[in-house]
Amino acid sequence: MCVALFSNFLVTTGHDRQRLLEVAVLTVVATAAIIRQLVPGACPVPVFQSRGDKLLGVFFLLGVVGSLQAFSTARALFEVSIFFLLYVFALQIAREIELGGHAVLLRLLQAVGAVCALHSLKFWVVYVTGLAAGAPLEVADFINGFSNVRFFNHTQTPILPLLILLCCITPRASRLHWLWWSLTAYWWMALFAVAGRGTMVGMAAGCIAVALLQRRLAIPYLRTVAMSAALGLLGYAVFLVAIPLLSGGAPFGAFASMIERTAADPASNRLVLWRRATELILAHPWLGVGPMHFAHNAGDLHTGAHPHDWIMQIASEWGIPALLCLCTALALAGKTLLRAGSKLQQDARLDQAICSALIAGAAAILVDGLVSGLFVMPQSQLAVVLYLGCAIGWCRGRAGRIHGNAGPARIQAAGLGLLVAGAALCLALVVWPDMQARYRNEPWRPEVAALNQDVKWPRLWLAGFF
């Protein structure tokens with residue numbers, strides 16, 4: 001499951017192919033969920049069980065209602081469906097961790113580490129060959145497989161806290177110990193090299209949250225954060241500054257110019273997006289303009305197909321009631337995580353490290369999402385699902401609320417199976433016509449071509465407006 005989640009790190013290039021792979025993965029997830037709900041003894045996934053889950057049910061219902069009055073009902077329902085199936089995916093990952101405990105969580109983290117290591121290997125191959133040929137490094141060398149450097153940063157945010165956790169919980173005697181440390185240091189080095197400010201601010205917020213909430217118990221995790229970041233900065237100085245200079249070239253990286261760029265434009269053209277989002281919220285406070293429809297209502301700005309802020313995105317597209325449901329569900333989830341951490345023994349080093357990583361990850365994701373498209377792009381959506389699966393599974397395992405194999409009532413199971421099947425069908429109904437048009441090489445419609453002459457602002461597809 002994890003390898004499928006991150007296979008576009010390895011074999012898929014570009015936003016549209018990443019979106020197609022996400023749809024394919026979620027279709028498999030939907031099939032597995034239907035089987036688990038309907039086949040006797042198949043260990044069902046509990047959906048809409050807790051108070052927070054029920055609030056998410058209301059959130060999705062409001063999204064469906066808002067979609068019916070949107071400009072493009074099909075695309076609005078696509079967004080609702082993909083969010084719903086991502087939620088189901090997170091619950092399936094959580095189910096495995098809930099049942100398998102630390103062993104499953106460790107194997108999952110190691111699988112993530114292995115895929116990230118293979119992705120980093122691409123960079124080192126380019127680095128060595130480029131150095132030998134005298135070719136300068138480019139940003140694309142770090143983000144192999146991604147259409148945009150920020151899409152890579154969005155994916156780094158949920159993964160970095162988990163890689164740091166992998167360093168924490170891997171014994172020094174293990175042969176993999178230094179592999180995970182080297183990989184995490186590279187992850188930091190790549191972040192510094194491409195100056196991912198949202199990820200940096202998110203990680204800083206995560207560290208502050210852990211320090212305030214865990215206090216002394218957070219020291220081992222925060223020490224690992226500091227040491228791995230320092231190694232990443234050292235790698236930046238050696239591999240991207242010193243070695244290129246000694247080879248007669250120029251140092252690489254946007255890190256040195258980040259302060260100047262931030263001082264010149266702190267919001268990086270986001271203010272115009274936030275103003276438009278505010279206008280849409282005031283004009284459509286109850287149901288929004290429709291999921292995904294900021295892309296339609298902000299096409300004239302030529303700046304972005306989403307507000308680069310998850311709160312404004314939900315409020316403007318889904319409506320304020322849906323935002324309140326989502327925020328309340330998130331607050332309940334955070335309370336559950338903190339309650340699980342408070343019940344741990346002080347000498348439970350493994351669980352304390354996991355709790356610290358999950359708190360750091362939650363803060364990093366939510367803060368980065370306030371200034372980025374973390375919840376919009378396909379690869380980062382899957383990475384967030386991985387984090388959520390780990391967090392939900394660990395919390396449920398600590399609470400001892402492992403759901404049995406008896407499953408829900410027959411009518412409830414059938415209803416959930418229909419919901420999942422309907423969501424998967426909605427994905428297919430939107431994707432299939434678009435792909436047919438693409439592979440027939442049909443030209444863009446005039447309104448789409450006019451908005452994508454130079455820079456493209458992706459949302460569902462690379463041509464982000466509709």
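I started with one aromatic cluster, formed by F123, W124, Y127, F142, Y186, F239 and F252. My pairing rule takes rings of Phe, Tyr and Trp (its six-membered ring) with centres within 6.5 Å; planes under 30 degrees apart are stacked, over 60 edge-to-face, the rest tilted. The count by this rule is 19 aromatic pairs.

A note on the source: this is a predicted model, where local features need pLDDT of at least 70, side-chain atom pairs count only at pLDDT 80 or more, and totals for chains, interfaces and linings use all residues. Residues are numbered from 1 along each chain as its sequence is written, and side-chain values use heavy atoms, with hydrogens and water left out.

I looked at F123 and Y186 next: their ring centres are 5.5 Å apart and their planes at 40°, so I logged the pair as tilted. F123 sits in helix 5 (residues 102-133) and Y186 in helix 7 (residues 177-194), 63 residues apart. Helices here are DSSP runs (H or I, at least four residues), numbered from the N terminus.

Are these two buried or exposed? F123 is buried at 1% relative accessible area, and Y186 is buried at 4%. Buried means under 20%, exposed over 50%, partly exposed in between (1.4 Å probe, protein chains only).

Then I checked W124 and Y127, an edge-to-face pair with 5.6 Å between centres and 75° between planes. W124 is partly exposed at 26%, whereas Y127 is buried at 7%.

Last, I looked up F142, which touches residues including H119, F123, Y186, L240 and F252 (contact: heavy atoms within 4.5 Å), leaving aside residues up to four places away in sequence.

Methods. Helix = DSSP H or I, 4+ residues; strand = E, 2+ residues; numbered from the N terminus.
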